Amino acid sequence: MSVISEFRSFIAKGNVIDLAVGIIIGGAFTGIVNSLVNDIVMPIVGAVTGGGFDFSNYFLALSSAVTAPSLAEARKQGAVFAYGSFITVLINFLILAFIIFLMVKGVNKLRAMEDKKKPADDTPAPPPADIQLLSEIRDLLKTR
């Protein structure tokens with residue numbers, strides 16, 4: 001088998017295509033989650049905590065040369081411990097994980113409903129024709 005035909009066979013498998021679709025959808029989904037966190041969740045968190053703050057500018061200067069009030073400017077001045085960015089990424093992850101959990105839960109519920117709709121087929125499949133023929137011959141020989 002040539003490398004090209006083996007590669008073609010590998011790509012044609014359903015799992016590879018499903019994985020590729022999942023990665024593409026996941027990439028697009030990242031933008032939605034980022035918007036949800038930055039435009040909806042973080043303003044609410046800021047309003048609830050009373051400061052109307054943005055986690056992304058929370059940092060700890062690791063150098064005495066860092067005096068800037070924003071993270072972007074502070075990074076230009078020296079080393080910073082940007083824990084606010086980590087908090088934002090963590091919140092993004094938790095929201096994404098929760099949304100995926102809800103999606104999987106919904107799909108499982110749909111599958112369970114589909115399984116209930118299918119009639120239970122308890123009748124065994126008939127044996128192959130050659131086995132049926134041999135069974136008939138056996139039965140005929142028994143009656144003699």
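This note goes through the predicted model, from the whole chain down to single residues.

1. Basis. The model is predicted, so local features need pLDDT of at least 70 and side-chain atom pairs count only at pLDDT 80 or more, while totals for chains, interfaces and linings use all residues. Residues are numbered from 1 along each chain as its sequence is written, and side-chain values use heavy atoms, with hydrogens and water left out.

2. Secondary structure. The chain holds 5 helices and 2 strands; here helices (H or I, at least four residues) and strands (E, at least two) are DSSP runs, numbered from the N terminus. Read from the N terminus, the order of elements is α-α-β-α-β-α-α. The radius of gyration is 31 Å, well over the 15 Å that the globule rule gives for 144 residues, so the chain is more spread out than a compact globule. That radius is taken over C-alpha atoms, and the globule rule is 2.2 Å times the number of residues to the power 0.38.

3. Extent and surface. The C-alpha trace spans about 105 × 50 × 20 Å along its principal axes. About 11600 Å² of the chain is accessible surface, and carbon and sulfur atoms hold 68% of this; areas come from the Shrake-Rupley method with a 1.4 Å probe, and for residues only the protein chains shown count as cover. Of the 144 residues, 13% count as buried. Buried means under 20% relative accessible area, exposed means over 50%, and partly exposed lies in between (1.4 Å probe, protein chains only).

4. Among contacts in the chain with a separation of 6 or more, 38% join residues 24 or more positions apart; a contact means heavy atoms within 4.5 Å. The chain has 13 positive and 12 negative charges, and their mean positions are 2 Å apart. Lys and Arg count as positive, Asp and Glu as negative, and His and the chain ends are not counted. Each charge is placed at NZ of Lys, CZ of Arg, CG of Asp or CD of Glu.

5. Helix α2. P43 is found in helix α2 (residues 14–49) and is partly exposed at 41% relative accessibility. Apart from neighbours within four places in sequence, P43 is in contact with V37 and N38. V41 also has its place in helix α2; with a relative accessible area of 23%, V41 is partly exposed. Leaving out neighbours within four places, V41 is in contact with L36, I91 and I95. The C-alpha atoms of V41 and N92 are 9.7 Å apart in space, although the two are 51 residues apart in sequence.

6. Aromatic rings. The whole structure contains 3 aromatic pairs. Rings of Phe, Tyr and Trp (its six-membered ring) pair if their centres lie within 6.5 Å; planes under 30 degrees apart count as stacked, over 60 as edge-to-face and the rest as tilted. The F81 and Y83 rings have centres 6.4 Å apart and planes at 35 degrees, so this pair is tilted. Y58, F81 and Y83 form one aromatic cluster. F81 is partly exposed at a relative accessible area of 48%, and Y83 is partly exposed at 32%.

7. S70. This residue sits in the loop between β1 (60–61) and α3 (71–77). S70 is buried, its relative accessible area being 19%. Not counting residues up to four places away in sequence, S70 touches N57 and F59.

8. L134. Helix α5 (residues 129–143) contains L134, which counts as exposed at 54% relative accessibility.
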